[in-house]
Every structure is written in C-alpha cells, then in structure tokens.
Amino acid sequence: MCLGIPGEIVELSPDRDDLARVDVVGVRRAVNIGLLGPDGVRPGDWVLVHVGFAMSKIDEAEAQATLDLLRGLGRAYTDELEALADSDIS
C-alpha cells in the first residue's frame with residue numbers, strides 16, 4: 001500500500017528549485033516540489049508526500065489529523081515510513 005504522508009518543509013534546495021528537504025515524522029528526505037506550481041512552498045509549510053513528490057500543500061491542523069489517522073493503520077504506516085527512510089531522490 002502506498003500512502004500520502006504529511007511532511008514539513010525544512011529547507012529549499014539552493015541548487016534545484018524543484019527540491020526541498022522535508023521532515024516526515026523525524027525522517028528528513030529530499031522531496032520533489034515541482035508539482036505545487038509557481039507559488040511553491042517555503043520552510044514551515046506542510047505538504048502531502050507520495051512516492052517522493054509533494055502532491056499538495058496542506059495546513060498544520062490537517063497534517064496532524066492525517067498523521068493521527070495514519071498511525072492507526074499500524075503496519076501499513078510503519079512500512080511506508082521504512083520505505084521513506086530507505087529512499088533518496090537527491
């Protein structure tokens with residue numbers, strides 16, 4: 001199962017305008033932000049991450065509610081976090 005997991009933008013890549021470092025429950029990874037359009041994101045913004053791409057910008061309350069729901073999925077949630085920890089698109 002592939003899930004969209006909320007993550008917080010930590011920093012924008014100085015070398016590539018389509019990448020940002022995102023913190024997803026303590027796992028920090030480069031994520032492609034190119035799908036979010038010309039306004040993009042900035043540090044502190046929350047995004048929904050799926051297979052290395054930020055699919056949409058969300059607010060912090062929605063991010064926390066989604067994380068609470070995902071934690072309730074048990075193994076599917078932990079599998080997704082493990083896959084994220086093992087990935088690297090930078």
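Tutor: Gladly, and keep in mind that this is a predicted model. We can start with the strands: β1 (residues 5-12) and β4 (residues 46-50) run antiparallel and are joined by four bridges.

Student: What makes β1 and β4 a pair?

Tutor: Pairing requires at least two bridges found by DSSP. Four bridges join β1 to β4, so the two strands qualify as a pair. Within this pairing, Ile 5 stands opposite Val 49 in β4.

Student: How do you know that β1 also pairs with β2?

Tutor: The same test applies: at least two bridges are needed, and four join β1 to β2 (residues 19-24), so these antiparallel strands pair as well. Here Glu 11 is set opposite Arg 21 in β2, and a hairpin of six residues links β1 to β2.

Student: Which residues make the nonpolar surface patch?

Tutor: Leu 35, Val 51, Phe 53 and Met 55 form the patch, which covers about 380 Å².

Student: What makes the patch with Glu 8 negative?

Tutor: Asp and Glu count as negative. The patch gathers Glu 8, Asp 59, Glu 60 and Glu 62 on the surface, so its charge is negative. One of these residues, Glu 60, belongs to helix α1 (residues 60-71).

Notes: Residues are numbered from 1 along each chain as its sequence is written. This is a predicted model: local features need pLDDT of at least 70, side-chain atom pairs count only at pLDDT 80 or more; totals for chains, interfaces and linings use all residues. Side-chain values use heavy atoms; hydrogens and water are left out. Patches are made of residues with over 30% relative accessible area and no salt bridge: like charges are joined within 9 Å, nonpolar side chains (Val, Leu, Ile, Met, Phe, Trp, Tyr) within 5 Å. Accessible areas come from the Shrake-Rupley method with a 1.4 Å probe; for residues, only the protein chains shown count as cover. A salt bridge is a side-chain nitrogen of Lys or Arg within 4 Å of a carboxyl oxygen of Asp or Glu. The place of a charge is taken as NZ of Lys, CZ of Arg, CG of Asp or CD of Glu.
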